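Please brief me on this structure. Keep it short and group the points by topic.

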Amino acid sequence: MFRNSKVSVVVPAYNEEATIGTVVADFKGSPFPDEILVVDNNCTDRTAALAAEAGARVVRESAPGYGCALRAGLDAASGDMLVLVEADGSFKAGDLEKLLVYLPDCAMVMGTRTTRQMVEQGANMRGSLRWGNVVMAKILELLWYVPHEPRLTDVGCTYRALWRKTWGQIRGGLRERGPQFSPEMICEAYRHGLRVIEIPVHYHRRLGGVSKHSASFSKVARTALKMFRTIVRKRLGIA
Ligand SMILES: Nc1nc2c(ncn2[C@@H]2O[C@H](COP(=O)(O)OP(=O)(O)OP(=O)(O)O)[C@@H](O)[C@H]2O)c(=O)[nH]1
Ligand SMILES: [Mg+2]
């Protein structure tokens with residue numbers, strides 16, 4: 001609970017047996033979450049079993065992809081405040097309260113991983129990736145400047161918090177299945193005239209397992225291009 005609001009934490013997971021237990025335990029140790037949902041997205045390893053053992057509720061989603069998993073998790077969550085976080089240990093429960101504190105001021109609080117002072121040495125947020133994220137966020141700012149004047153430095157940060165009501169407003173307008181789901185959520189919130197605030201969060205290196213979206217330069221470039229297309233499509237109002 002956070003100030004009388006029930007808090008759900010949603011964790012999309014695709015073969016994250018190396019880290020899921022630690023992530024669930026970290027959030028279990030925080031005083032705020034009322035439930036932790038791990039979305040088992042066709043995992044072929046022990047992710048689901050280890051998540052349940054650590055005390056999470058496991059939700060299964062067979063449609064593959066980061067976006068599909070998050071959609072299923074958000075639908076299944078019962079909290080008033082819904083928090084998204086990764087299964088790889090790159091975000092910590094210690095930052096949760098900061099997201100929740102800002103939520104009463106807006107519809108969604110985004111984390112940003114581009115505040116250099118808060119990025120752990122060795123985390124996958126080296127100069128080029130950090131600046132790539134900032135540039136993408138500036139493109140979104142520019143395209144949506146009127147009337148929202150967004151202030152963003154990262155459009156791909158999973159760690160974020162939104163109200164259940166916000167989810168109800170934006171869910172029907174979301175169609176992306178991959179990592180573009182992340183900026184699509186922001187654009188859809190703007191399309192509904194909702195407020196989005198961004199705050200710095202700590203960003204750590206993966207605790208183990210394999211990177212799905214940012215393993216190589218070509219993977220990062222492909223993800224960035226998909227995100228760019230999504231941001232432009234949403235601005236032009238193409239369904
Ligand atoms: N359900 C589901 N989850 C996914 C899929 N791809 C990635 N994820 C999860 O989404 C989160 C982000 O994926 P990551 O592989 O960490 O991508 P990233 O954060 O860009 O890269 P890292 O530098 O490795 O952290 C993790 O919790 C993954 O388990 C997918 O296809 N389905
Ligand atoms: Mg990650």
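Seven of the seven residues of β1 are buried, so the strand is largely enclosed by the rest of the structure.

This is a predicted model, in which local features need pLDDT of at least 70, side-chain atom pairs count only at pLDDT 80 or more, and totals for chains, interfaces and linings use all residues. Residues are numbered from 1 along each chain as its sequence is written, while chains are lettered from A and ligands numbered from 1 in the order in which they are written.

**The sheet**

- Seven strands form an open sheet with mixed pairing, in the order β3-β2-β1-β4-β6-β5-β7. Strands here are DSSP runs of E with at least two residues, helices are runs of H or I with at least four, and both are numbered from the N terminus.
- β3 (57-60) and β7 (196-200) stand at the edges with a single partner strand each, so one side of each has no neighbour in the sheet. Two strands pair if DSSP finds at least two bridges between them.
- From one strand to the next, the twist averages 25°.
- β1 pairs with β2 in the parallel sense over six bridges. V11 has V38 as its bridge partner in β2.
- β1 also pairs with strand β4 (residues 81-84), again in the parallel sense, over four bridges. In β4, M81 stands opposite V7, and L82 stands opposite S8.

**Helices on the sheet**

- Helix α1 (residues 20-28) packs on the sheet and touches β1 and β2; its direction makes about 160° with that of β2. Angles run from 0 to 180 degrees between N-to-C directions, and axes are lines fitted to C-alpha atoms, for helices over the stretch in contact.
- α3 lies across β1, β2, β3 and β4 and runs at about 155° to β1.

**Ligand 1**

- Of the 21 residues around ligand 1, N41, A69, N124, S211 and K212 come nearest. A residue is near a molecule or strand if its C-beta atom, placed from the backbone, lies within 6 Å of it.
- β1 (7-13) and α3 (66-76) each supply at least two residues of this shell.
- The shell residues divide into eight nonpolar, eight polar and five charged. Ala, Val, Leu, Ile, Met, Phe, Trp, Tyr, Cys and Pro count as nonpolar, Asp, Glu, Lys and Arg as charged, and the others, Gly among them, as polar.

**D40**

- D40 sits in strand β2 (residues 35-40). D40 counts as buried because it has 25 C-beta neighbours inside 10 Å.
- Leaving aside neighbours within four places in sequence, D40 is in contact with A13, T47, A48, V58 and R60. Contact means that two C-beta atoms, placed from the backbone, lie within 7 Å.
- D40 and A76 are 36 residues apart along the chain, and their C-alpha atoms are separated by 13 Å.

- The axes of helix α5 (residues 127-143) and helix α9 (residues 217-236) come within 10 Å and cross at roughly 10°. The two helices are therefore roughly parallel to each other. Angles under 35 degrees count as roughly parallel, over 145 as roughly antiparallel, 65 to 115 as roughly perpendicular and the rest as oblique.
- On the α5 side, L129, G132, M136, I139, L140 and L143 meet V220, A224, M227, F228, I231 and R235 in α9. By class, this contact has ten nonpolar, one polar and one charged residues.
- Helix α8 (residues 181-191) is mostly covered, with ten of its eleven residues buried. Among them are F181, M185, I186 and Y190.

**Backbone details**

- The peptide bond from V146 to P147 is cis, with omega near 5°. P147 lies in helix α6 (residues 145-148).
- N4 is not a glycine, yet has a positive phi of about 70°. N4 is in the segment before β1 and counts as exposed, with 6 C-beta neighbours inside 10 Å.
- N15, also not a glycine, has a positive phi of about 50°. N15 is in the loop between β1 and α1 and counts as partly exposed, with 18 C-beta neighbours inside 10 Å.
- G193 follows α8 and has a positive phi, near 70°.

Note on methods:
Buried ≥ 20, exposed ≤ 12 C-beta atoms within 10 Å, placed from the backbone.
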